[in-house]
Amino acid sequence: MSDLVDAVRRARVYDVSPPLDDATPVFPGHPAPRVEAARTHARDGYFAQVVTLGEHTGSHVDAPAHALAGRPEATIDTFPARRFVAPYALLDLAPLDLGPGELASAADLQATGVALEAGDAALLCFGWDAHRPRGAWWAANTPGLDESACAWLLDRQVGLVGSDTPTADTAVVDGAIVAEHGHLRYFLPNDVLLVEGLLGLADVPRTGVIVAAPLRIVGGSGAPARVFLLADGE
């Protein structure tokens, strides 16, 4: 136990989750978040807020039930906590400078030189969080992965795929989905969970440990998650 505690104390911790407020962008058609005071010190003697948000708000995890009508049982609460703690490797796709609807290929992923092992989390840095200040446009427009890229990641038996886009592998143009091979065929059907809407991947070490903690919503298609990356502090 002391070795584990020492390792945690030495680790650098990177928070890659965006803050949540009324302005947090969401995918077109999803409910807008609201954060409002429910109790105040002046009136009630303490302060508390009511938070209203969809399951896919901010940084969040998609479960298979989200996209697959044939997997209604595969909800976020059915996956054990250990699924959300894993070694990660960062694949830097930002130099491709992909635009909305454009797709990275298996060759592009291989060109990053990243080695992935079974159970790892593959984190895709498109550099797309640079567009977050554009609000709704960021959520409605995103690059993604082509079929060969999704197959390449599945072949490496990754357990999680994360990205700094709102939709991981899915490519979107003005709110219209133009490719979603991972959601529908490669990732969610094979219980590869998706960690979407991450922030600041360009500034984190290329390897480490991800801790993605989705809320344990009973019957949830997914859940908001606070996501940390831990890297060696030495």
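These notebook entries record what I looked up in the structure.

**Entry 1. Basis**

I worked from a predicted model, in which local features need pLDDT of at least 70 and side-chain atom pairs count only at pLDDT 80 or more, while totals for chains, interfaces and linings use all residues. Residues are numbered from 1 along each chain as its sequence is written, and side-chain values use heavy atoms, with hydrogens and water left out.

**Entry 2**

I began with strand β9, residues 160–163. Strands here are DSSP runs of E with at least two residues, helices are runs of H or I with at least four, and both are numbered from the N terminus. In a regular strand the side chains alternate between the two faces of the sheet. In β9, Leu160 and Gly162 point one way, Val161 and Ser163 point the other way, and all are buried. I took buried as under 20% relative accessible area, exposed as over 50% and partly exposed as in between, with a 1.4 Å probe and protein chains only.

I then asked which strands pair with β9. Two strands pair if DSSP finds at least two bridges between them. Strand β7 (residues 121–125) runs parallel to β9 and is joined to it by four bridges. On that side, Leu124 stands opposite Ser163. Strand β12 (residues 193–196) also pairs with β9 in the parallel sense, over three bridges. Here I noted Leu160 opposite Leu193 and Gly162 opposite Val195.

**Entry 3. Strand β12**

Are the faces of β12 covered or uncovered? I found both covered: Leu193 and Val195 on one side are buried, as are Leu194 and Glu196 on the other. Strand β12 pairs with β4 in the antiparallel sense, over three bridges. In that pairing, Glu196 is the bridge partner of His60.

**Entry 4. Helix α5 and two positive phi values**

I listed the buried residues of helix α5 (residues 147–155) as Ala149, Cys150, Ala151, Trp152 and Leu153. Just after α5, Gln157 takes a positive phi of about 60°. Gln157 lies in the loop between α5 and β9. I recorded Gln157 as exposed because its relative accessibility is 55%.

I noted a positive phi of about 55° at Ala168, which is not a glycine. Ala168 is placed in the loop between β9 and β10 (171–173). Ala168 counts as buried, because its relative accessibility is 0%.

**Entry 5. Salt bridges**

How many salt bridges does a search of the whole structure find? I recorded seven, each being a side-chain nitrogen of Lys or Arg within 4 Å of a carboxyl oxygen of Asp or Glu. Side chains of opposite charge can pair when their charged atoms come close.

Asp15 forms a salt bridge with Arg226, with the closest N and O atoms 2.7 Å apart. Asp15 lies in strand β1 and Arg226 in strand β14 (residues 222–231), so this pair ties together parts that are 211 residues apart in sequence. I noted Asp15 as partly exposed at 36% relative accessible area and Arg226 as partly exposed at 48%.

Asp191 and Arg71 meet through their side chains in another salt bridge, at 3.0 Å from N to O. Asp191 lies in the loop between α6 (181–186) and β12, and Arg71 in the loop between β4 (60–62) and β5 (85–92), so the pair ties together parts that are 120 residues apart in sequence. Asp191 is partly exposed, with a relative accessible area of 27%. I also recorded that Arg71, Glu73 and Asp191 are linked in a network of salt bridges.

Arg34 forms a salt bridge with Glu36, the closest N and O atoms being 3.1 Å apart. Arg34 is partly exposed at 47% relative accessible area, and Glu36 counts as partly exposed at 32% relative accessibility.

**Entry 6. Charges over rings**

I counted a charge as sitting over a ring if NZ of Lys or CZ of Arg is within 6 Å of the ring centre and within 35 degrees of the ring normal. The charged end of Arg134 sits over the ring of Trp137, 3.7 Å from its centre. Arg132 lies over the face of Trp138, at 4.4 Å from the ring centre.
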